[in-house]
Amino acid sequence: MCQSLVDKVARSRALAAVSDPDILVLFEDWLEELEEEVADLARRQGQLTADSIGQALGISRTGAELLLRKLQREDKLPLPGREP
């Protein structure tokens, strides 16, 4: 696990070194829009799955799973089986 963490830090530093700050801002804006759309879906539909998010937003199931977990971790969406 420690080696994996070190590898991820090294990759993020490498990406930061070649990333254009304007592109990073655009990506962050896009991610915020996706988060808002997922929160809106949750309000309208209740329980969400990665498949339903992926279909609604036109993103991959894996991307939807990552987004769903991120929002749950940040307490922006309830965890499955728990009321908001």
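This report describes the helices of a predicted model and the contacts among them.

The model is predicted, with local features requiring pLDDT of at least 70 and side-chain atom pairs counted only at pLDDT 80 or more, whereas totals for chains, interfaces and linings use all residues. Residues are numbered from 1 along each chain as its sequence is written, and side-chain values use heavy atoms, with hydrogens and water left out.

## Overall arrangement

The chain contains 4 helices and 0 strands, giving the pattern α-α-α-α when read along the sequence. Helices (H or I, at least four residues) and strands (E, at least two) are DSSP runs, numbered from the N terminus. Of the 84 residues in the chain, 23% count as buried; buried means under 20% relative accessible area, exposed over 50%, and partly exposed in between, with a 1.4 Å probe and protein chains only. Contact means heavy atoms within 4.5 Å. Among the contacts between residues at least 6 apart in sequence, 31% join residues at least 24 apart.

## Helix α2

Helix α2 covers residues 21–45. Its 25 residues should span 36 Å at 1.5 Å a residue, and its end C-alpha atoms are 36 Å apart, so the two values agree. The expected span of a helix is 1.5 Å times one less than its number of residues. The buried residues in α2 are L34, E35, V38, A39, L41 and A42, and the buried residues of this helix pack against α3 (50–57) and α4 (61–73). After α2 comes G46, with a positive phi near 80°.

## Helix pairs

Axes are lines fitted to C-alpha atoms, for helices over the stretch in contact, and angles run from 0 to 180 degrees between N-to-C directions.

| Helix pair | Axis separation | Angle |
|---|---|---|
| α2 and α3 | within 11 Å | roughly 120° |
| α3 and α4 | within 8 Å | roughly 110° |
| α2 and α4 | 11 Å | about 80° |

In terms of orientation, angles under 35 degrees count as roughly parallel, over 145 as roughly antiparallel, 65 to 115 as roughly perpendicular and the rest as oblique. The axes of α2 and α3 cross at roughly 120°, which makes α2 oblique to α3. α2 passes α3 in a right-handed crossing. A crossing is right-handed if the near helix is turned clockwise from the far one by less than a right angle, and left-handed if anticlockwise. At this contact, L34, E37, V38 and L41 of α2 meet I53, A56 and L57 of α3. By class, these residues comprise 6 nonpolar, no polar and 1 charged. Ala, Val, Leu, Ile, Met, Phe, Trp, Tyr, Cys and Pro count as nonpolar, Asp, Glu, Lys and Arg as charged, and the others, Gly among them, as polar.

The axes of α3 and α4 cross at roughly 110°, which makes α3 roughly perpendicular to α4. This crossing of α3 past α4 is also right-handed. Here A50, D51, I53, G54 and L57 in α3 meet R61, A64, E65, L67 and L68 in α4. The contact of α3 with α4 has 6 nonpolar, 1 polar and 3 charged residues.

α2 and α4 pack at an angle of about 80°, which makes α2 roughly perpendicular to α4. L31, L34, E35 and V38 in α2 meet L67, K70 and L71 in α4. The residues of this contact divide into 5 nonpolar, no polar and 2 charged.

## Residue D51

D51 is found in helix α3 and is partly exposed, with a relative accessible area of 42%. The C-alpha atoms of D51 and E65 are separated by 8.3 Å, although these residues stand 14 residues apart along the chain.

## Helix α4 and the segment after it

α4 has 13 residues and reaches 18 Å from its first C-alpha to its last, close to the 18 Å expected at 1.5 Å a residue. Its buried residues are A64, L67, L68, K70, L71 and Q72, and the buried residues of α4 pack against α2 and α3.

D75 lies in the segment after α4. Its phi is near 60°, a positive value in a residue other than glycine. D75 counts as exposed, at 64% relative accessibility.
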